Amino acid sequence: MSQFVLAVENVSHTYTTTDGQVVKALHEVTLCLSPKTFTCLVGASGSGKTTLLRIMAGLIRPKSGQVLLNGKPLRQPQRRISLVFQRDTLLPWRTVRQNVALPLQLAGVDRKKRFMQADQLLDLMGLSEFANAFPTELSGGMIQRVNIARGLITQPDILLLDEPFGALDALTREQLWRELLLIWGRTHATVLMVTHDIREAIFLSQRVMVMSTRPGHIVKEVEVPFDYPRHFDLLTDPIFIQKEAQVREAILADRLSSSRLG
Ligand SMILES: Nc1ncnc2c1ncn2[C@@H]1O[C@H](COP(=O)(O)OP(=O)(O)OP(=O)(O)O)[C@@H](O)[C@H]1O
Ligand SMILES: [Mg+2]
């Protein structure tokens, strides 16, 4: 039995665009997730982060390399792996409750049971009073909470989050950090989250992986030594600031070397 719940081994991927151009998105990425850990992935726009998450969710087969789920090759999407997409994918004609319950509906769970589970998650997310609202009636922060609730409803072992707070203002974001950590503490899922925000990555995770510019590969791994629960005074802790600098330096060094090469 593997010590990693999900392992990406030497994964490379290329796309061919509609006009026939070959885009090298990922180059020999290796990344392993231990059970119940929280990892963040940061990197430039277009470096292949979403591609990597889609591969880890079994939605795309990589051109080379492999993904192992509990030691076994991942060949298709699995209920134990949940991906929360970068773009808002709530269905506008469905209520919040119906959106959250959708994955269970697709899995054939009966209506009463799936709504009960959706309501429990909405309660956890502080969204109970919006269960019957439609997505257009929600704020950006609420929409992201609903997205995350939908990702959690199948009780996945692995939760992949693609820039879940990208479009939000700083204060809403920080509030959602606390909520996400609270939920993570209760579910014990293994989380990999993509973000552009270095502070967010360090505040939330136990490990920050830095991805290079395209074709993406991991150029640096920074361990974050703080215990949970975490509080906002951490943001001014000298070690926190030092970790922030390490991640920033890795991103800048990679940019510099890729612009020299280019
Ligand atoms: N379906 C596709 N067909 C062709 N090229 C694609 C496709 N999807 C992504 N790409 C290209 O692959 C590269 C990596 O894209 P990807 O979306 O994985 O990057 P990203 O790191 O998630 O970027 P961002 O931070 O902006 O979300 C980009 O150059 C993109 O244009
Ligand atoms: Mg992306």
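# A walk through the predicted model

Lys36 counts as partly exposed, because 15 other C-beta atoms lie within 10 Å; a residue is called buried at 20 or more and exposed at 12 or fewer. Lys36 sits in the loop between strand S2 and strand S3, the latter covering residues 38–43. The phi of Lys36 is near 65 degrees, a positive value in a residue other than glycine. Most residues other than glycine have a negative phi.

Glu28 is another residue of this kind: phi is positive, about 45 degrees, although Glu28 is not a glycine. Glu28 belongs to strand S2. With 14 other C-beta atoms within 10 Å, Glu28 is partly exposed.

The secondary structure of the protein consists of seven helices and ten strands. Along the principal axes, the C-alpha atoms fill a box of roughly 55 × 45 × 40 Å. The radius of gyration is 19 Å, which agrees with the value near 18 Å that a compact globule of 262 residues would have. Of the 262 residues, 39% are buried. Contacts between residues at least 6 apart in sequence can be sorted by their separation, and 72% of them join residues at least 24 apart.

The domain assignment divides the protein into two parts. Domain 1 is made of two stretches, 6–80 and 159–261, and domain 2 covers 88–155. Their centres, taken over C-alpha atoms, are separated by 25 Å. Eleven residues from domain 1 and eleven residues from domain 2 take part in the contact between them. On the domain 1 side, helix H5, residues 170–187, gives the most, with five residues. That side of the contact divides into seven nonpolar, two polar and two charged residues.

Gly141 and Thr172 are 31 residues apart in sequence, yet their C-alpha atoms are 6.4 Å apart in space. Once neighbours within four places in sequence are set aside, Gly141 is in contact with Leu168, Thr172 and Leu176.

In helix H2, residues 96–106, the buried residues are Val96, Arg97, Asn99, Val100, Ala101 and Leu104. Helix H3 (111–124) and helix H4 (140–152) are included in what covers them. After H2 comes Gly108, with a positive phi near 85 degrees.

Strand S1, residues 6–16, pairs with S2 in the antiparallel sense, over eight bridges. One of the residues involved is Leu6, whose bridge partner in S2 is Leu33. The hairpin of S1 and S2 has five residues between the strands, and in this hairpin Gly20 takes a positive phi near 85 degrees. S1 is also joined to strand S4, residues 64–69; these two run antiparallel and share five bridges. Here Val8 stands opposite Val67 in S4.

Which residues are closest to ligand 1? They are Tyr15, Ser45, Lys49, Thr50 and Thr51, out of 14 residues that surround the ligand. Strand S2 (22–33) and helix H1 (49–56) each supply at least two residues of this shell. H1 gives the most, with three residues. By type, the shell around ligand 1 divides into three nonpolar, nine polar and two charged residues.

Two peptide bonds further along the chain remain to be pointed out. Most peptide bonds are trans. The bond between Arg214 and Pro215 is cis, with omega about -5 degrees. Pro215 lies in the loop between strand S9 (207–211) and strand S10 (218–223). Tyr228 and Pro229 are likewise joined by a cis peptide bond, with omega about -5 degrees. Pro229 is placed in the loop between S10 and helix H7, which covers residues 238–261.

Methods. Residues are numbered from 1 along each chain as its sequence is written. Chains are lettered from A and ligands numbered from 1 in the order in which they are written. This is a predicted model: local features need pLDDT of at least 70, side-chain atom pairs count only at pLDDT 80 or more; totals for chains, interfaces and linings use all residues. Domain bounds come from an automatic or database domain assignment. Two residues are in contact if their C-beta atoms, placed from the backbone, lie within 7 Å. Helices (H or I, at least four residues) and strands (E, at least two) are DSSP runs, numbered from the N terminus. Ala, Val, Leu, Ile, Met, Phe, Trp, Tyr, Cys and Pro count as nonpolar, Asp, Glu, Lys and Arg as charged, and the others, Gly among them, as polar. The radius of gyration is taken over C-alpha atoms; the globule rule is 2.2 Å times the number of residues to the power 0.38. A residue is near a molecule or strand if its C-beta atom, placed from the backbone, lies within 6 Å of it. Two strands pair if DSSP finds at least two bridges between them.
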